[in-house]
Amino acid sequence: MNTAPASVPLLAVEDLSVEFRTRSGTVRALDRIGFELHRGETMALVGESGSGKSVTAYAIMGILDEAARTTSGRIVFGGLDLVHADDKAMGEIRGRELAIIFQNPRTALNPIRPVGRQIADILLRHGNVTAALAPQHAIDMLARVRIPDPKRRALSYPFELSGGMCQRVMIAMALACEPQLLIADEPTTGLDITTQAVIMDLIAELAAEQNMATLLITHDLGLAAEYCGHIAVMHAGHIVETAPTAALFATPRHPYTAKLIAATPGGAPDLAGLASIPGALPDLRRADLPPCRYTARCERVATDCEELPLRRLALGAGHHVACHFPL
Amino acid sequence: MLLLRRLATALPSIAGVIIVTFLLTRALPGDPAAYFAGPAATTQAIDEIRHQLGLDRSLPVQFLDYLGQLARGDLGTSLSTGQPVLAELLTRLPASAELTLLGLVLSVVIAVPLGIAAAMRPGAPVDHFCRVVTTAGVSLPTFFTGLLLVYVFYYLMGIAPAPLGRLDVFSSAPPHWTGFYLIDSLLARDLPTFGAALAQLVLPAATLAIFSLAPLARITRASMLAALGSEFVRTARASGLSRRRIVYVYAFRNAVLPVITTLGMVFSFLLGANVLVEKVFAWPGVGSYAVEALIASDYAPVQGFVLTMALLYVLLNLGIDLVYGLVDPRVRLEA
């Protein structure tokens with residue numbers, strides 16, 4: 001895998017659809033999404049709550065819950081299709097090649113196990129160290145994520161650590177086996193603003209050191225712009241636009257992306273200048289969802305949008321948009 | 001140190017138990033003096049007995065007397081047997097304790113794996129089986145289950161010994177070390193007696209186990225489901241940890257906390273349920289002793305019994321707290 005040419009993406013999500021069977025109907029959470037991520041690249045999945053960002057992350061990790069079904073597509077990671085990989089193969093890849101950091105680090109850690117042992121569990125599982133050396137490696141990992149006094153902290157329980165410290169522990173767990181791809185699912189939600197920056201810098205720095213690809217999942221377009229080379233914008237289970245960050249901000253081609261940029265602080269001089277996006281996500285349980293799920297909120301909507309199947313248009317230099325009438 | 005502080009918090013409840021049992025036994029219907037004087041006694045004879053027993057004095061004075069006796073470790077003398085209550089309780093307590101503990105162990109050994117299995121496959125046959133067993137367990141009163149077991153396994157099938165106490169007539173009690181026949185007979189390397197004691201224990205212990213199975217299995221299932229759906233189990237899965245490690249080390253160790261709490265409650269239910277089960281199986285324990293004394297308006301054994309149970313309960317809760325602290329680091333800090 002290490003010898004793969006640079007043109008072959010590390011991760012290719014192709015035509016992926018995921019549904020959830022619930023009591024009140026089938027939720028079409030992801031509808032034929034696709035994107036690519038190369039070794040060492042950083043990409044952000046941006047969208048509002050319920051747009052399918054986390055479902056995408058969980059689908060890649062193979063940790064969707066029982067009610068979920070992958071109805072189409074492939075997730076090719078290092079030449080292996082993760083959708084059709086068996087549990088044994090997935091167990092080998094998770095934590096070693098593919099790692100994830102969750103939001104709410106405090107609840108994402110086992111409350112009654114010392115953090116050093118939780119890191120050691122992963123090291124032992126993936127066979128990198130012997131049982132005698134695992135505790136020392138765990139302490140080394142804590143030192144790498146700049147936890148002060150790592151030897152003592154390794155014996156701490158999550159409730160004895162601050163939220164920021166817990167997130168550092170999560171990062172240490174995720175990076176313990178030097179994965180090829182790190183998924184960071186809203187890694188700074190619930191942390192205060194100064195801690196956010198420190199954690200994001202830490203992730204970016206460690207990713208660069210290991211030439212590790214990073215998929216950042218966030219609702220914060222500003223954060224995505226600061227840390228990622230590419231951005232994929234999600235809306236209601238579709239990827240509506242994918243572009244290099246600079247191109248996306250300079251020339252957004254999807255009406256939703258344009259609204260999202262206008263709604264991001266930093267672009268506007270004051271609060272009054274911030275635009276809000278009218279309407280809400282459509283109900284994904286509806287059987288008669290239009291091909292483009294943005295039609296109800298779109299100012300440019302035409303009859304074609306509700307009748308013709310949605311197409312992904314290539315606009316050059318990695319810029320794709322799923323719209324019949326791009327800006 | 002922690003132990004001492006925790007014990008000190010139990011003192012008020014013990015004082016409360018002493019007062020309440022004293023008042024309750026005095027408020028019971030029936031006149032012990034009349035009972036012991038016999039049906040043919042004259043009023044004068046009854047009064048004389050009442051004076052001998054100290055029952056003609058005022059309640060506060062009687063209470064002070066009672067406290068003074070307690071301080072000397074004297075729980076009084078049973079009027080019906082003429083024996084000191086403390087000595088009788090001490091000889092009978094191991095019989096009850098052995099029965100209750102075995103019932104509890106049996107119950108845990110069945111309920112916890114059943115609860116885990118049900119939580120791993122919600123809606124599957126094992127989950128339905130768990131639900132049926134727990135519903136049946138709570139709906140059957142212990143004396144009924146006990147009689148049913150005796151009827152089926154002793155009367156119909158003849159594979160259980162007669163429900164007549166701790167040993168059949170052909171065996172003799174093992175030398176007294178712990179008072180637990182199973183342990184004492186093993187210490188004496190007396191396997192036939194061990195077998196006989198075990199045979200006598202199986203049915204009453206099963207009766208108690210069936211009764212206590214339900215709350216334990218249910219709480220195990222519920223807390224296991226919660227733990228398996230928790231975020232830290234998701235993290236463990238995302239880290240590629242083996243299924244065994246996720247289920248037993250990550251999920252179960254967290255799920256076991258409410259199970260321990262429930263275990264304490266179940267044990268106290270069992271202490272109560274014991275009274276009837278001992279009656280059904282002619283078990284020479286403290287429960288049957290208390291019931292007989294209660295019927296005879298014999299104050300001292302009833303008071304002694306309630307006090308013993310209260311002390312056991314306090315000790316049990318102390319033990320539960322200590323175990324809890326071992327499992328959950330957050331509790332250690334608060335204490």
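A salt bridge here is a side-chain nitrogen of Lys or Arg within 4 Å of a carboxyl oxygen of Asp or Glu. By that rule the structure holds 24 of them over all chains. The model is a predicted one, so local features need pLDDT of at least 70 and side-chain atom pairs count only at pLDDT 80 or more, while totals for chains, interfaces and linings use all residues. Residues are numbered from 1 along each chain as its sequence is written, chains are lettered from A and ligands numbered from 1 in the order in which they are written, and side-chain values use heavy atoms, with hydrogens and water left out.

Chain B comes first. Helices (H or I, at least four residues) and strands (E, at least two) are taken as DSSP runs, numbered from the N terminus. On that count chain B has 14 helices and 0 strands. Its C-alpha trace spans about 85 × 55 × 40 Å along the principal axes. Of its 335 residues, 43% count as buried, where buried means under 20% relative accessible area, exposed means over 50%, and partly exposed is in between (1.4 Å probe, protein chains only). The accessible surface of chain B comes to about 17,000 Å², and carbon and sulfur atoms own 70% of that; the areas come from the Shrake-Rupley method with a 1.4 Å probe, and for residues only the protein chains shown count as cover.

One bit of that surface is a nonpolar patch of about 700 Å², put together by B:Y151, B:Y154, B:Y155, B:L156, B:M157 and B:I159. Patches are built from residues with over 30% relative accessible area and no salt bridge, joining like charges within 9 Å and nonpolar side chains (Val, Leu, Ile, Met, Phe, Trp, Tyr) within 5 Å. B:Y155 counts as exposed because its relative accessibility is 60%.

Several salt bridges lie within chain B. In helix α3 (residues 43-53), B:R50 and B:D47 are 3 residues apart, about one turn of the helix, and their side chains meet at 3.3 Å, N to O. Both partners are partly exposed, B:R50 at a relative accessible area of 23% and B:D47 at 41%. The bridge between B:D127 and B:R221 has an N to O distance of 2.7 Å. This pair ties together distant parts of the chain, 94 residues apart, with B:D127 in helix α6 (residues 125-139) and B:R221 in helix α9 (residues 191-228). Here B:D127 is buried, at 2% relative accessible area, whereas B:R221 is partly exposed at 22%. A further bridge joins B:D328 to B:R330, with the closest N and O atoms 3.0 Å apart. B:D328 counts as buried at 6% relative accessibility, while B:R330 is partly exposed at 28%.

Now for where the chains meet. On the chain B side, 21 residues are in contact with 29 residues of chain A. About 2,000 Å² is buried between the two chains, with carbon and sulfur atoms giving 57%; buried area is the accessible area (1.4 Å probe) that two parts lose on being put together, summed over both. The count between chain B and chain A is 1 salt bridge, and A:D121 and B:R245 form a salt bridge with their closest N and O atoms 3.0 Å apart. Polar contacts are pairs of N or O atoms within 3.5 Å; within protein, one must be able to donate a hydrogen and the other to accept it, and residues adjacent in sequence count only if both atoms are side-chain atoms. Across this interface 11 residue pairs are in polar contact, both residues at pLDDT 80 or more. The chain B elements that give two or more residues to the side touching chain A are α10 (231-238), α11 (243-280) and α14 (329-334). The largest share, 6 residues, comes from α10(B).

In chain A, A:S51 lies in the loop between β3 (42-46) and α1 (53-61). A:S51 is buried, with a relative accessible area of 1%. A polar atom of the A:S51 side chain lies 2.7 Å from the backbone oxygen of A:E48. Leaving aside neighbours within four places in sequence, A:S51 is in contact with A:A29, A:M234, A:H235, A:A236, A:G237 and A:L281. Elsewhere in chain A, a network of salt bridges links A:E92, A:R96 and A:R125.

Key
Contact = heavy atoms within 4.5 Å.
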